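Subject: Structure handover

Hello,

Here is the structure I promised to pass on. Please open it next to this email and follow along.

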Amino acid sequence: MENDKSLGFTVNAGPLSQVSVDVISLRTAIQLASGAYGWFKGGERSQSLTQLLKANGVELRSTSSFTHQNYIQLLEKHRAMRGVVLENGTMRTVEMPNASTAVSNIPGVTCLRALTCCLLCLCTTEATTAMLQRLIPYGLVQHEMEDGVLEVDGPLLSGLKQWVSTVATEEESNLFRNHLLECVDESLLALRQADLDNIMSASEYYNSGDEALILGVLKWAITPKHRRKEPKYPTRSLRVWIAASIMSQLGFEVRPSYEIINNNEAYQRMETAPDGIDTPDVFLVVSSRINCQTDREVEFVFAPEEVPLPRATLLVTVPWLAFQHVKYMHESLDAQYLREAYQYAFKCARELFRLLQVDNFSVNLKIKNSEKLITPFADRYKALFTPFSPHIHYICLQAMTHFGPNGAGPWTEWDFSDPETLFLSIRTQTPSQCMRNFYTTLAVVLGAMYGICSQACLDGGNPLGDDSEILFNPDSLYQSDCRLIRKWAASVGQALRGRLNYSEWNSMLFEMFLGATSRTTEAVGQQEYILGIQSHGFAAVSKVLVQRQIRPEALAYVYIGRGQLLNLPLDDQGLVRGSSFLPFATQIRLGNTDQKDLETLYRGPCNFPVEYTRMEVEPCWEKNPQAVILKMRQMGAPVASLNIGRILERRSRNIIKCSCHKYSNEASVPLAERWYRLHIDDLKSYTSGDLSSGKLADLQREKMNFLIDASKSEDALVYVLGIVDAQRIFIAEECLECAYKCCQGARSAVIVIPHDTKMVEDTKDQISKRERVITERKQKVEGRKAAFSARIGAQVANNP
């Protein structure tokens, strides 16, 4: 049996030292951190990378333009690794003071780590790897042979990819990145004489691209100052200037200038200014009329298509980020008006939310009082949302009556009959009146979607609030003709009709609130029972696992927290997946003779030991530790490994409703069908020799039918549905008579009475009658036994 220990400040547990967690298993947490599939691999992969480099005849060295002490002091002041744990029915964030591997005893590794930290603030792991593939040979290695040449390919490239991936995982859960990006924001505000709006409007997506230019300034920055061909580095890219600002923070000998170059005279002053230790050396050139050379170290780098990175922010700031670009497009677009439309739609949609149901694994988004939203121009208002979804108007109409056309018109300026052209021109520099109105509609749709969907995302047990942290990527909203917004709108519309598969619903939540990419969310739809995700330093975990509510409706809700998941495993795509593991099935002993050959089905005693039973979500050590199962323990001893997906499947598709409206607590059955009342204790089966997980109870081999009362608790029902191996299981949620009719004439059928049954309560007369029947059956059994013993005795006496 595995001992559960608290992780306190006295525990020497590597990355988990000084972490305060109450109920997490120490051995499990360490395995998930440092095991074969663990997230804490920084030190191990740094060592592997240095060994691979040494095998190629080089060793990492630090450039003289990097000051270790400045970097270490900054880390000590601002780094804060965070973890996320599931405990006591909620998900909370914990600090991990000893989980960072940013500082190495090898100076070259520390320098490389600082450089990688800068790149990961701006680029994906793929683009970061591609640029390090050039930067390491350029200025971060020392060759054993003077004429040595380093090619980063083959095993070395594979090792570099693994190292960057591990560093990215660590940096995403570290608040140190927040500090760096906050410093960038302050630096942008400090640009003197700069019209930042004009700078940003020069690029349609100024938060991505320019990888070749970034590579150029980094090559220049890691070159020792006395060996740089040019003492100053002018650039036309704002992202290059930001990279220089981050490098300056990290301890590199780089000083971005807060004065922009916007004419030839300013450029000449920059060129002729004396060089010094603290004088600026990276300048932002913002005028195309200047006849000068910029980005002198630019070098083409082949990298996968760059995806804009999401940034941690508060839910309340979404409209500010989503519409910050419109003021760079045209003076007629009012960003504040769009934010007000978003906020009003957000508020209205949240108030409309009633509940989420999951029927047959399809999410049904229930709203209240939708009939009151009908207006005399309802059909025209509904038509405004057709470019997004024909059904999303249910949560948008109320806001649109405030921000859309007033009454009878002018409807001609709200003609969205050619939506593809509108989506294609969404970032045009000269929008028409129709386009401005289309932007208003888009703001209403986006606000309504975030308002309604935020009710399904929980922060500490409550729906997300204004101050809840999420990940948001404004650039991704407008890429590919607003494909993402249209996809979300279609999903919400299908959910309002009750026709959206739960995996598609969760994929949408992961994209909206965790910035998950389509590559990751497509995997959610391809695999069954995805119950969580780790994305960009945030975790989202299904309510099924957090509160251990193994019921379909819990699939529609997720808990969101910032940090690395500590007590749940992740697969290679960062997903929390339910295991497909099923123990072997074995026949059980049926010892209660008074409970067989029933003539009446009814509720009986449910002897389930609730007080010393515990259900825990754990890695599936038996088959695949990257997936989760539900482990049931009684008095600390493991009793069963339960397949979460199988329980959800049965609770979703095997529920029997009452069609007779009697909610009967009894059902008469013929003796020929051989019904047997099976107690929960009969289902237990231990593996011989130890107390390992029990096998499944095989009820398919028995030529009889079974009734199991699991009404004592939710855990009792979960245990029965998980441990019983049978093809025909019926859950009598409302009526025992109707449940029996569904399986009438069947063999090896199982009727389960659930914890939340709506059957009528047993009357005193029914209880007394059942007791008399049981007493009479026992008397008959004892009578038959006595008669049999008498016959045997007589035969023995007659044949001495």
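Which exposed residues does the face of helix 11 turned away from its buried side carry? They are E265, R269 and T272. Before the rest, some ground rules.

This is a predicted model, so local features need pLDDT of at least 70, side-chain atom pairs count only at pLDDT 80 or more, and totals for chains, interfaces and linings use all residues. Residues are numbered from 1 along each chain as its sequence is written, and side-chain values use heavy atoms, with hydrogens and water left out.

**Helix 11**

Helix 11 covers residues 264–272. Helices are DSSP runs of H or I with at least four residues, strands are runs of E with at least two, and both are numbered from the N terminus. A266, Y267 and M270 are buried in helix 11. Buried means under 20% relative accessible area, exposed means over 50%, and partly exposed is in between (1.4 Å probe, protein chains only). Down the axis of helix 11, the buried residues fall within an arc of 100°, so they line one face of the helix. The arc is taken from the directions that run from the helix axis to the C-beta atoms.

**Salt bridges**

The structure holds 27 salt bridges. A salt bridge here is a side-chain nitrogen of Lys or Arg within 4 Å of a carboxyl oxygen of Asp or Glu.

- K487 and E511 meet at 2.8 Å, N to O. K487 is in helix 18 (residues 474–496) and E511 is in helix 19 (residues 502–514). The pair links distant parts of the chain, 24 residues apart. K487 is partly exposed at 31%, while E511 is buried at 5%.
- E733 and K657 meet at 2.5 Å, N to O. E733 lies in the loop between strand 30 (728–732) and helix 24 (736–742). K657 lies in the loop between strand 24 (655–656) and strand 25 (666–668). The pair therefore ties together parts that are 76 residues apart in sequence. E733 is buried, with a relative accessible area of 13%. K657 is partly exposed, at 49%.
- E734 pairs with K758, and their closest N and O atoms are 3.8 Å apart. E734 sits in the loop between strand 30 and helix 24. K758 sits in the loop between strand 31 (749–753) and helix 25 (764–798). These two are 24 residues apart. E734 is buried at 9%, and K758 is partly exposed at 49%.

There is also a network: salt bridges that share partners join R551, E553, R651, E714 and D756.

S659 is exposed, with 59% relative accessibility. The C-alpha atoms of S659 and E737 are separated by 9.6 Å, yet the two residues are 78 residues apart along the chain.

**Surface patches**

Patches are made of residues with over 30% relative accessible area and no salt bridge; like charges are joined within 9 Å, and nonpolar side chains (Val, Leu, Ile, Met, Phe, Trp, Tyr) within 5 Å. Accessible areas come from the Shrake-Rupley method with a 1.4 Å probe, and for residues only the protein chains shown count as cover.

Which residues form the positive surface patch? K596, R674, K703, R747, K780 and R784 do. Lys and Arg count as positive, Asp and Glu as negative, and His and the chain ends are not counted. The place of a charge is NZ of Lys, CZ of Arg, CG of Asp or CD of Glu. K596 lies in the loop between strand 19 (585–586) and strand 20 (600–602). K596 is partly exposed, at 35%.

F788, I792 and V796 make a nonpolar surface patch of about 280 Å². V796 is in helix 25 and is exposed at 54%.

**Positive phi**

Two residues to check last. N360 is not a glycine, but its phi is positive, near 55°. N360 is in the loop between strand 8 (353–359) and strand 9 (362–367), and is partly exposed at 45%. D481 is not a glycine either, and has a positive phi of about 60°. D481 lies in helix 18 and is partly exposed at 27%.

Best wishes
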